Amino acid sequence: MLIKFFIMILAAIIFTAPASANEIWQPEIRIGILSGVNQVELKLSAPCVMLDSATRKILKKFAANEIFSVEFDELKSNSVEIRAENTLLKDLIATIDGKKFFGGVRIDKKNNSLTVINLAPVEEYLRGVVSKEMSPSFHVEALKAQAIAARCFTLKNRERHQAEGFDLCANVHCQIFGGADSAHPLTDEAIKATRGEILLLEGQIADTNFHTDSGGMTENVSEVWGTYSAHLQAVEELEKNTDPWKKEFSLDDFSRIIGGNLGKLQEINLSPLEIGKAAPDRSISGRVRSAQFVGSKNNVQLKGTELRSKFSLPSTLFNIKISGNKIIFEGYGHGHGVGMSQNGANAYAKHGWDYKKILAHYYRNTILKKLY
C-alpha cells in the first residue's frame, strides 16, 4: 500500500510539472558511507552551506573546493547537511575522506560518533552501483537490464537502514556502491537510456533479485527464501552448465565442518544433477534441496543452502562424490539463482535480445513503466 501511494505521489508530480522539470527531478537517496568515526574531511565542488537538518538553519558556508573537517566534539547540532547554494544536487561532487561521491553530505551524531551519509539523486547513485554490480564490458542491453533491476531495488528498499539514519548501505547487504569514482561511460549510457524506468508487479515496484550466473536455469524464489512470487519463477537459459566450479575437502575436514558427530563418512544420498529435472532432493532447476550423509557414528541431513554456507560453495547447483580420502563438490553457476542471471542476460543480449525482452524473461508478469 505504501509503495502504491509513493507511485501515485510521483505520478502526480510528474504529470503536473513542466517537461523541463521532469528531466531534472528524481528521488533522493541517503547512502550510509561511514559510521563510528570521530571526524571526517570534506570538499565539495561548488559553494555550499551547512544546514541544521532539523531547523534548516544555515550554520556555515564553504567555498568551492574548500577542504574542511567535521569533528564530533565540535559539532553542536545532532545532524547537519552540506548542500550546494546554487548547484543542482546531481551536478555536485562531494569528496569524503578522499573518495568522490555525487551529491551532498549528511552527518549525524549517533552512539558517541559520527555517521556520514551521501545524499544522492537516484540516477547518480546508480552511476556508482551498476558498474560495481555488472562489468561495463557486458553488452549495453544487459547493462540496461541491470540498471533497471538496480533502480527497482533502490526504490523498493528505501529506509532499509532507517534505524541507522539512512536508506541503503554501500555494501553487498544492499548494493555495492563505489560512488563517483566507480562511474563508467558505458554503464552511465545504460542508466541514462533507461532513466526512471522500473518494473511493476500488481501496481507495486517488483523485487528484482539478480545473481552472477544461474548455471543453466534460474530458481523459484520459494526454494531459496520460502516465499512465493509469480514473477520470480525458474526459467531456462540460452546456455547450460555455465560457470563450472570444483571444490575439494579431505574427509576429516568435511566431517569437522559438517558437524553432527558424523564420524567417518561412508555414503552420500543425493540424486544426480540434471539441470531442468526435479527430484525429491532437488528443485526443478536441479539445485540441491537436501542431501543425506551416512557416517560411522551418525547420519546428517542438510539443506543445499546449509551446505553452500558451511563450505563456501558458489551455488547449490552441484554434485558431491567421495574420491579416496577426499570429498569433491562439482557444480555450476554463482549466486542464489533467483531472478536475473547477469551472465545469462549478457548471453541473451549478444543473441539479439533488447533489455525489455531480457527483463520480461527473468521477471515474469511484470510491467515496465517510466516513473519519472
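Colleague: What percentage of the 372 residues in the chain is buried?

Modeller: Buried means under 20% relative accessible area, exposed over 50%, and partly exposed in between, with a 1.4 Å probe and protein chains only. In this chain, 52% of the 372 residues are buried. This is a predicted model, in which local features need pLDDT of at least 70 and side-chain atom pairs count only at pLDDT 80 or more, while totals for chains, interfaces and linings use all residues. Residues are numbered from 1 along each chain as its sequence is written, and side-chain values use heavy atoms, leaving out hydrogens and water.

Colleague: What share of the contacts joins residues at least 24 apart?

Modeller: A contact is a pair with heavy atoms within 4.5 Å. Taking contacts between residues at least 6 apart in sequence, 69% join residues at least 24 apart.

Colleague: How many positive and negative side chains are there?

Modeller: Lys and Arg count as positive, Asp and Glu as negative, and His and the chain ends are not counted. Each charge is placed at NZ of Lys, CZ of Arg, CG of Asp or CD of Glu. The chain has 45 positive and 42 negative side chains, with the centres of the two sets 1 Å apart.

Colleague: How many aromatic pairs does a search of the whole structure find?

Modeller: Rings of Phe, Tyr and Trp (its six-membered ring) pair if their centres lie within 6.5 Å; planes under 30 degrees apart are stacked, over 60 edge-to-face, and the rest tilted. The search finds 14 pairs in the whole structure. One of them joins F101 and F177, a tilted pair at 5.9 Å centre to centre with 40° between the planes. This pair links distant parts of the chain: F101 is in strand β8 (residues 99-102), and F177, 76 residues away, is in the loop between α5 (140-156) and α6 (185-193). F101 counts as buried because its relative accessible area is 3%; F177 is buried as well, at 6%.

A second tilted pair is F254 with F329, 6.4 Å centre to centre and 40° between the planes. Distant parts of the chain are linked here too, with F254 in helix α8 (residues 251-258) and F329 in strand β19 (residues 326-331), 75 residues apart. Both F254 and F329 are buried. They belong to one aromatic cluster together with W245, F249, F293, F311 and F318.

Colleague: Why is helix α10 described as largely enclosed by the rest of the structure?

Modeller: Seven of the nine residues of α10 (residues 342-350) are buried, so the helix is largely enclosed. The buried ones are Q342, G344, A345, N346, A347, Y348 and A349. They pack against α4 (130-133), α5, β13 (210-211), β20 (340-341) and α11 (355-362). After α10 comes G352, with a positive phi near 110°.

Colleague: Where do residues other than glycine have a positive phi, R56 being one of them?

Modeller: R56 has a phi near 65°. R56 sits in the loop between β3 (48-52) and β4 (58-62) and is partly exposed, with a relative accessible area of 40%. E159 is not a glycine either, and its phi is positive, about 70°. E159 lies in the loop between α5 and α6. Beyond its neighbours within four places in sequence, E159 is in contact with R30, F166 and D167. E159 and I29 are 130 residues apart in sequence but 9.1 Å apart in space, C-alpha to C-alpha.

Colleague: Is P272 buried or exposed?

Modeller: P272 is exposed, with a relative accessible area of 68%. P272 is in the loop between β15 (265-269) and β16 (290-295). Leaving aside neighbours within four places in sequence, P272 is in contact with R282 and N319. P272 and F318 are 46 residues apart in sequence and 8.8 Å apart in space, C-alpha to C-alpha.

Technical notes: Helices (H or I, at least four residues) and strands (E, at least two) are DSSP runs, numbered from the N terminus.
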